[in-house]
Amino acid sequence: MSDRVELLVGTKKGAFILESDAARRDWAVRGPFCETWPIHHLVRAGSDGTLYAAGGNAWYGPSVWRSEDDGATWSQSSTGLTYGDDEPKITTIWNLTPSNGTLYAGVEPAGLFRSDDRGQTWSHVAGLREHPSTPEWQPGNGGLCLHSIVPHPTDADRMWVGISAVGAFETTDGGTTWETRNRGVRADFVPGDPPEFGQCVHKMGLHPAHPDVLYQQNHCGVYRSDDGGRQWTEITPGLPSQFGFPMAIHPHDPSTIYVIPLNGDDKGRHMIDGHTQVWRSRDRGESWQSLDNGLPKRDAYLGVLREAMATDPLQPTGIYFGTSTGQVFGSADEGESWQLIADFLPPIWSVETSIANS
Amino acid sequence: MATVHLPRSLVTLFPDPPPRRLEMAAATLSDLIARLDEGWPGMLNRLCEPGPQIREHINVFVDGERVRDLDAALGPQAVVHIIPAVAGG
């Protein structure tokens, strides 16, 4: 038995799977899948490793694709993915997150759906959009998207979600009611003190070993919460920029996180001075180190979007990111050294990993 | 029987795809889409959005005339073309 490592890549023009062995040095590309639809997220879920891909097509609307034969054939369904005939129409799906046999979908305009039948039908987790703040939700540059779905690893009633330009919410009753979780997070784009909601979370997550510790890359800095999001502490100092999109947590070390700072929200949103760097903290954001060995150090004006960084669970951990111009970079040693493992893909929107024994 | 022409990008969304050209009995455009959805579940959601209404970038022509009304009547020899709008980049 040997490990087969997969990168599940969602792009503007279809889904792709990159495959390697445990050395993670040589990679093969399969795809495009899903009829080259725009795919925001590709994941494997369930004990059989079913592939699910989510996105939206300008002509045919939003849908979730499913393949039970490793990508050879696909079906798709959006049954139940609606707010109703008199409500806003759903344009696309940004995130798929499996939890306890349920598949959750975060959509645009922002809302949460769940499927308990492997993506064949969907039901609205209506409590979130019943929050009193909903009429005041305003889309940011990336739209009004629910992009982060963070289930509590042991308490099925608890979950956090992140919505761009709205902020973080938590439910402790299985999605019936939700509370804002943005205290301590800046919102530089509105005057006065930070509001209860309206913060622009870009990516949020937790490590299952420490479920009360949340991290988020925000439009206005990087933050950690030690109490399940009730209070956030800024951990931006030490980084070259407060702005970035993705955030990843080391799978074996809850104190280690990765971000990719970009030059700023009004400066092009690309690598600072064309120098490609991933930044790592091994102490929960108290200090940061630049990682650029093997990455382009000049003339590389790359962008990396919110879902486009992921880690694998091997030892040592692999870390990967995809760019808005179709490159995938990977490290098989926790970020100490990097290589370009794919080029010339369509603009990359998401990267996930999957490990299989072969 | 109405004659229906379907675009390649639509039929390929279904594991057992419909033919690109088929004949169906339907009194209205809505009936026709319902029949398509019976044969290929999910077809309705690909062609229509909440309202219900025909999706913004889907064009439907009945006997050569662009139609947006789902209640539009289909004659016994109607020819229906479903064509995605020119878009994208």
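Mentor: Let's start with A:Pro32, which sits in strand 3 (residues 28–33) of chain A; a strand here is a DSSP run of E, at least two residues, numbered from the N terminus. Keep in mind that this is a predicted model: local features need pLDDT of at least 70, side-chain atom pairs count only at pLDDT 80 or more, and totals for chains, interfaces and linings use all residues. Residues count from 1 along each chain as its sequence is written, while chains are lettered from A and ligands numbered from 1 in the order they are written.

Another cis bond links A:Gln315 to A:Pro316, with omega about -5°. A:Pro316 belongs to the loop between strand 24 (309–311) and strand 25 (319–322) of chain A.

Now for phi. A:Ala165 isn't a glycine, yet its phi is positive, near 65°. You'll find A:Ala165 in the loop between strand 13 (159–163) and strand 14 (167–171) of chain A. A:Ala165 is buried, as 22 other C-beta atoms lie within 10 Å (buried takes 20 or more within 10 Å, exposed 12 or fewer, partly exposed in between, with C-beta atoms placed from the backbone).

A:Phe344 is another non-glycine with a positive phi, about 65°. Its place is the loop between strand 27 (339–342) and strand 28 (348–357) of chain A. A:Phe344 has 8 C-beta neighbours inside 10 Å, so it counts as exposed.

Methods: Helices (H or I, at least four residues) and strands (E, at least two) are DSSP runs, numbered from the N terminus.
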